[in-house]
Amino acid sequence: MENYKVKDIALADNGNKKIAWAESRMPVLMHLKEKYQNSKPLTGMRIAGCLHVTKETAVLVKTLKAAGAEISWSGCNPLSTQDDVAAALAAQDLSIYAWHGQSVEDFYWCIDKTLELKPMLTLDDGADLIFRVHSKKTELAKDMLGGTEETTTGVHRLRAMAEAGKLLYPVMAVNDAETKWDFDNVYGTGQSSIDGIVRATSILLAGKNFVVAGFGHCGRGCAMRARGMGARVIVTEVDPIAALKATLEGFEVMPMDKAAKIGDIFITATGVKDVIIARHFKDMRDGAVVCNTGHYDCELNLKDLYGLSGSVQEIRANNEACTLKNGNRVYLLAKGRLVNLAAAEGHPSEVMDMSFANQFLAMLFMAKNGKNLTNEVHTVSKEQDQEIASIKLKTMGISIDTLTPEQIAYIKDYTAGT
Ligand code: RBV
């Protein structure tokens with residue numbers, strides 16, 4: 001019996017070409033694959049994963065397999081699966097359930113299929129898989145060694161579960177590694193979100209009012225990159241410290257009520273729902289482009305937007321013209337799903353290299369130590385972060401200085417002053 005469901009297995013050749021491209025740009029993960037493929041420390045480990053099926057994820061999956069794991073996989077967003085990559089993984093006898101353009105029912109069906117493996121480890125991006133275990137398949141929790149979580153929103157959900165005393169096994173917050181969120185969230189989101197906007201619109205960014213909602217790691221990346229393309233960047237925030245950071249970075253900060261009236265392009269990166277709602281849509285200029293790069297599609301209130309629209313027409317891939325009853329057009333990209341993954345290819349391989357090296361090492365750690373950890377959200381060690389940064393630098397041909405013993409002594413010597 002087939003242990004996969006993908007759009008079209010005949011796309012595997014294309015998928016393999018994409019994966020080879022990603023492999024050539026993910027030297028840290030490839031180094032780890034090389035290092036562990038003989039000793040196979042994940043032998044006997046059953047891992048269920050729920051993470052965007054992209055060429056980069058395929059490199060992670062192949063690395064976990066090379067280290068001995070048995071794997072079942074699903075995508076973590078209905079619109080982010082790259083069908084050729086999914087086909088390539090299925091053709092390599094990996095148990096994978098993922099295709100682009102799923103309904104919510106399909107989405108959970110896929111997760112449930114992956115849980116038939118009776119995993120001992122879960123790997124999440126957004127916490128939908130682990131939440132499924134906790135809500136519908138609790139009988140699986142007792143045999144779990146641990147889980148890992150890739151993204152900010154998932155970590156928030158898991159911390160809330162842990163605080164409520166509901167977490168049934170330990171989880172590693174991969175997102176919070178410095179070599180993940182200071183790079184993936186900033187440069188990855190920044191570049192790939194602009195990429196998604198441009199692919200869906202072919203719009204000129206120079207001279208546009210580009211509104212970024214949220215100035216966390218992801219919002220900062222979008223703001224920086226939009227500015228680099230010549231846009232006038234406006235930031236909206238709810239946190240005074242983040243607002244101050246944006247201001248001192250030279251971005252204009254104002255409430256969404258004001259930004260809505262002047263923005264040409266809007267992107268949400270907040271992790272919060274209802275950031276852009278009816279009154280904002282009504283106030284927008286004719287031709288405004290609206291999209292989201294946060295994990296869930298609730299940041300834009302789509303019910304409001306569709307409710308205000310007299311007609312909705314898909315004018316090109318990932319771009320719907322919503323003609324409001326006041327005659328203005330608002331262009332919605334990728335149905336409010338992550339624009340970088342739905343309308344482009346997600347973060348570039350070079351940056352996912354570090355994120356997925358963290359995922360891989362976190363999996364090794366959980367396989368070995370999960371049994372002895374408390375049912376809380378744990379963070380990756382400083383050593384893991386440093387190791388990944390060091391290998392990355394080495395593969396980039398960059399060397400750095402080393403502290404002398406005298407300098408180390410100086411740092412520790414609190415008596416040394418003026
Ligand atoms: N993300 N993965 C990719 N190319 O595979 N791109 C982005 C990829 C992850 C990223 O790590 C982020 O935390 C998460 O997607 C949001 O769902």
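How many salt bridges does a search of the whole structure find?

1. The search finds 23 salt bridges, a salt bridge being a side-chain nitrogen of Lys or Arg within 4 Å of a carboxyl oxygen of Asp or Glu. E345 sits in the loop between α15 and α16 and K55 in helix α3, so the pair ties together parts that are 290 residues apart in sequence. Helices (H or I, at least four residues) and strands (E, at least two) are DSSP runs, numbered from the N terminus.

2. On the source: this is a predicted model, in which local features need pLDDT of at least 70 and side-chain atom pairs count only at pLDDT 80 or more, while totals for chains, interfaces and linings use all residues. Residues are numbered from 1 along each chain as its sequence is written, and side-chain values use heavy atoms, with hydrogens and water left out.

3. An open sheet is formed by seven strands in the order β3-β2-β1-β4-β5-β6-β15, with parallel pairing; two strands pair if DSSP finds at least two bridges between them. At the edges are β3 (95–97) and β15 (377–379), each of which pairs on one side only. From one strand to the next the twist averages 20 degrees. Strands β1 (residues 46–50) and β2 (residues 70–74) run parallel and are joined by five bridges. A48 has S72 in β2 as its bridge partner.

4. Helix α6 (residues 128–135) packs on this sheet and touches β1, β4 (121–124) and β6 (171–173), its direction making about 135 degrees with that of β4. Helix α7 also packs on the sheet, touching β5 (146–149), β6 and β15; the angle between its direction and that of β15 is about 130 degrees. Contact here means heavy atoms within 4.5 Å. Axes are lines fitted to C-alpha atoms, for helices over the stretch in contact, and angles run from 0 to 180 degrees between N-to-C directions.

5. Another open sheet has eight strands in the order β9-β8-β7-β10-β11-β14-β13-β12, and its pairing is mixed. Its edge strands are β9 (252–253) and β12 (309–316), each pairing on one side only. Two bridges join β8 (residues 232–236) to β9 in parallel, and I234 stands opposite E252 in β9.

6. Strand β12 pairs with β13 (residues 319–324) in the antiparallel sense over six bridges. The bridge partner of R316 in β13 is N319. Two residues lie between the strands of this hairpin, where N318 takes a positive phi near 60 degrees.

7. The largest pocket holds about 970 Å³ of space. A pocket is an open set of points on a 1 Å grid over the protein atoms alone, where a 1.4 Å probe fits, with protein on both sides within 12 Å along at least five of seven lines; lining residues have an atom within 4 Å of a point. The volume is the space filled by probe spheres set on the points. The lining has 50 residues, of which T152, C218, A269, T270 and G271 lie nearest the centre of the pocket. Elements giving two or more residues to the lining include α3 (55–66), α7 (152–163) and α16 (349–369). The largest share, four residues, comes from α10.
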